[in-house]
Amino acid sequence: MSDKAPLIHIEALSKAYRRGQQDIPVLLDVSLDVQAGEFVALMGPSGSGKSTLLNLIAGIDQPSSGRIVIGGVDIATLGEGALADWRAAQVGFIFQFYNLMPVLTALENVELPLLLTGLSARERRLHAEAALSLVRLDDRMDHFPNELSGGQQQRVAIARALVSDPSLIVADEPTGDLDRVTGQEVLDLLEDLNRRLGKTIVMVTHDPKAAARARRLIHLEKGVLVPDVAGAPAP
Amino acid sequence: MPFLLKLLLKNAFRHRLRTLLTLVGLVVALSAFGLLRTIVDAWYAGVEASSSTRLVSRSAISLTFPLPLAYAQRLKAVEGVNRVSWANWFGGIYITERNFFPQFAVEPASYLALYPEYRLSDEQRLAFIRDRQGAVVGRKLADKFGWKIGDQIPLRGTIYPGTWSFTLRGIWDGAEAKTDESQMLFHWGLINESLRKRYGNRADFVGVYVLGIEEPQQAPLVSQRVDAQFKNSLAETLTETESAFQLSFVSMSEAILVAVQAVSYIIVIIIMAVMANTMSMTARERLAEYATLKALGFGPGFVVKLLLGESLTIALAGGLLAVALTLPMAAAFAQAAGTLFPVFQVSPLTMGLQLAAALVVGAVAAAWPAWKMSRIDIVQGLRHVG
């Protein structure tokens with residue numbers, strides 16, 4: 001274990017959803033640390049709570065109890081506005097179905113998160129172009145999502161996640177909607193971002209082959225963390 | 001172009017057919033709103049065109065009861081009155097009943113002096129005053145029947161039996177857009193002379209007196225003085241400002257006007273409901289997009305701006321098109337209505353109200369979906385995709 005403070009520190013985290021009069025527990029007393037620069041895969045069967053844990057780490061859901069400290073900020077205590085600001089600055093999202101704006105070009109989609117920064121239009125454009133270059137989509141900048149393949153759309157989504165230089169990238173089944181070859185390309189890219197740029201990535205996946213590309217594997221079962229699986233080297 | 005504006009414009013025209021149909025609905029509804037308001041305005045045109053320096057004195061019993069000509073001298077002596085003229089409603093028929101237009105038998109010199117907004121050349125004015133069979137008409141009326149100076153205009157009398165022939169001596173242009181150009185004026189003396197010969201007891205009576213006053217603010221006082229003059233006489237007077245006099249005609253059809261106005265607002269409410277449905281549908285379809293935007297860090301306000309901006313863009317486009325369409329529609333309506341409405345023009349206020357109604361429709365239609373989308377749970381919204 002590293003002596004440095006972890007980028008993600010989760011302590012006694014629980015989450016339950018209320019359905020009628022009944023509380024349905026999804027996460028139970030989860031504690032976890034993730035160091036900066038790690039590439040973590042969250043695995044588990046359906047309903048194990050892995051997506052809920054990812055949502056809590058990404059700050060798009062609120063825990064029932066416990067602490068989530070990311071980069072020194074306990075995000076469970078932040079209000080809606082502060083949490084939105086925090087997400088804009090600290091988190092890059094990659095979704096299973098890409099979630100691009102269909103009316104915007106690849107370049108405009110990547111530029112979107114930069115609207116929340118103080119950058120000028122020209123600066124935003126330069127940053128977006130650089131991010132698209134990084135995912136090797138220089139020649140598709142002016143294409144709309146429906147003019148791109150699934151793999152290309154996911155690469156645009158990765159560029160969008162990267163463009164504001166967040167400390168954390170969360171990916172929810174990033175290869176779930178892609179064929180095997182395209183999925184491999186996306187995973188290559190994520191691996192490259194982690195190794196070359198030192199980006200911390202937390203990825204939810206069902207696919208053991210995708211999980212194998214991570215440097216750390218975490219299993220969840222019925223809302224409880226199963227001890228880390230060995231095999232991936234520490235960062 | 002700012003990014004937000006670009007995004008909402010692209011969103012607005014994302015479903016072209018839906019947007020086009022919404023626009024058509026808006027244009028039809030707002031044009032109808034504008035046209036109905038213009039009809040109501042046209043009804044009030046006489047009131048609008050009234051002068052604050054003119055009073056109208058009529059029989060206190062009813063407008064159908066005439067006043068003696070002898071009152072003219074006494075009226076001139078009333079303090080505050082600087083001019084007196086009179087007029088009788090003629091009610092003649094030009095060829096057929098369908099050619100209705102207002103005709104008044106007036107005392108020419110004093111009447112024209114009281115109506116400076118009827119712009120006649122000095123030559124035509126003199127020709128009219130000198131010719132007892134002469135007549136003058138407004139430009140709109142002359143254009144409608146293609147009359148030229150010197151033409152003979154026959155009228156079949158209804159109140160004053162017989163066929164009357166007048167020589168057109170002048171055509172006036174209104175000083176303002178609201179000036180009535182659909183009337184015909186001729187000599188009261190000619191009618192009175194004939195009445196004296198044929199029915200002696202009907203002669204020397206007038207329908208209404210028109211009084212010129214110096215100070216508009218003295219109107220109530222002068223009216224009281226006039227009516228006091230003839231109190232307890234056989235023909236008591238009721239004197240009021242010209243606008244109040246005109247308004248008394250409008251009030252006779254007030255129920256219709258209220259109904260027309262109500263319909264104009266109902267049309268706007270209907271299109272508001274239609275557009276609210278469209279915006280709700282749009283918002284539901286984009287649930288995942290709004291959730292994504294919120295996940296990326298955009299606040300609820302951004303989502304509100306997007307939906308509200310899109311709705312206002314469509315509504316404003318509809319409003320502008322409706323204003324542009326109302327003008328030719330009103331012109332066609334005025335043409336078809338002939339002289340039924342002396343003044344039929346889409347006022348700047350109506351155009352402003354059309355645009356305001358468009359903006360209200362846009363804002364109200366988007367209010368609920370925008371509020372709802374701004375409150376969506378990100379996780380739930382993202383699941384909408386998957």
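In which strand is the place of V204(A)? The residue belongs to strand 8 (residues 200–204) of chain A, where helices (H or I, at least four residues) and strands (E, at least two) are DSSP runs numbered from the N terminus. The model is predicted: local features need pLDDT of at least 70, side-chain atom pairs count only at pLDDT 80 or more, and totals for chains, interfaces and linings use all residues. Residues are numbered from 1 along each chain as its sequence is written, while chains are lettered from A and ligands numbered from 1 in the order in which they are written.

View 1. V204(A) is buried, with 26 other C-beta atoms within 10 Å. A residue counts as buried if 20 or more other C-beta atoms, placed from the backbone, lie within 10 Å of its own, as exposed if 12 or fewer do, and as partly exposed in between. Leaving aside neighbours within four places in sequence, V204(A) is in contact (C-beta atoms, placed from the backbone, within 7 Å) with L42(A), K50(A), S51(A), L54(A), D172(A) and E173(A). The C-alpha atoms of V204(A) and A12(A) are separated by 20 Å, and the two residues are 192 places apart along the chain.

**View 2. Helix 1 (residues 50–58) of chain A.** Nine of the nine residues of this helix are buried, so helix 1 of chain A is largely enclosed by the rest of the structure. Among the buried residues are K50(A), S51(A) and L54(A), which are also contacts of V204(A). G59(A) follows the helix and has a positive phi, near 75°.

**View 3. The open sheet of chain A.** Four strands are arranged in the order 2-1-4-5 with antiparallel pairing; two strands pair if DSSP finds at least two bridges between them. Strand 2 (22–34) and strand 5 (73–74) of chain A are the edge strands, each pairing on one side only. Strand 1 (residues 8–19) of chain A runs antiparallel to strand 2 of chain A, and nine bridges join them. In this pairing R19(A) stands opposite Q22(A).

**View 4. Strand pairing in chain B around strand 3 (residues 81–89).** Strand 3 of chain B pairs with strand 11 (residues 208–213) of chain B in the antiparallel sense over six bridges, and V210(B) is the bridge partner of S85(B). Strand 3 of chain B also pairs with strand 4 (residues 103–106) of chain B, in the antiparallel sense over three bridges. Here W89(B) stands opposite F104(B), and A87(B) has V106(B) as its bridge partner. Strand 4 of chain B in turn pairs with strand 9 (residues 184–187) of chain B in the parallel sense over four bridges, with Q103(B) partnered by M184(B).

**View 5. The packing of helix 2 (residues 16–43) and helix 13 (residues 300–337) of chain B.** The two helices pack at an angle of about 45°, with their axes 7 Å apart; axes are lines fitted to C-alpha atoms over the stretch in contact, and angles run from 0 to 180 degrees between N-to-C directions. Helix 2 of chain B is therefore oblique to helix 13 of chain B, since angles under 35 degrees count as roughly parallel, over 145 as roughly antiparallel, 65 to 115 as roughly perpendicular and the rest as oblique.

Terms used:
Contact = placed C-beta atoms within 7 Å.
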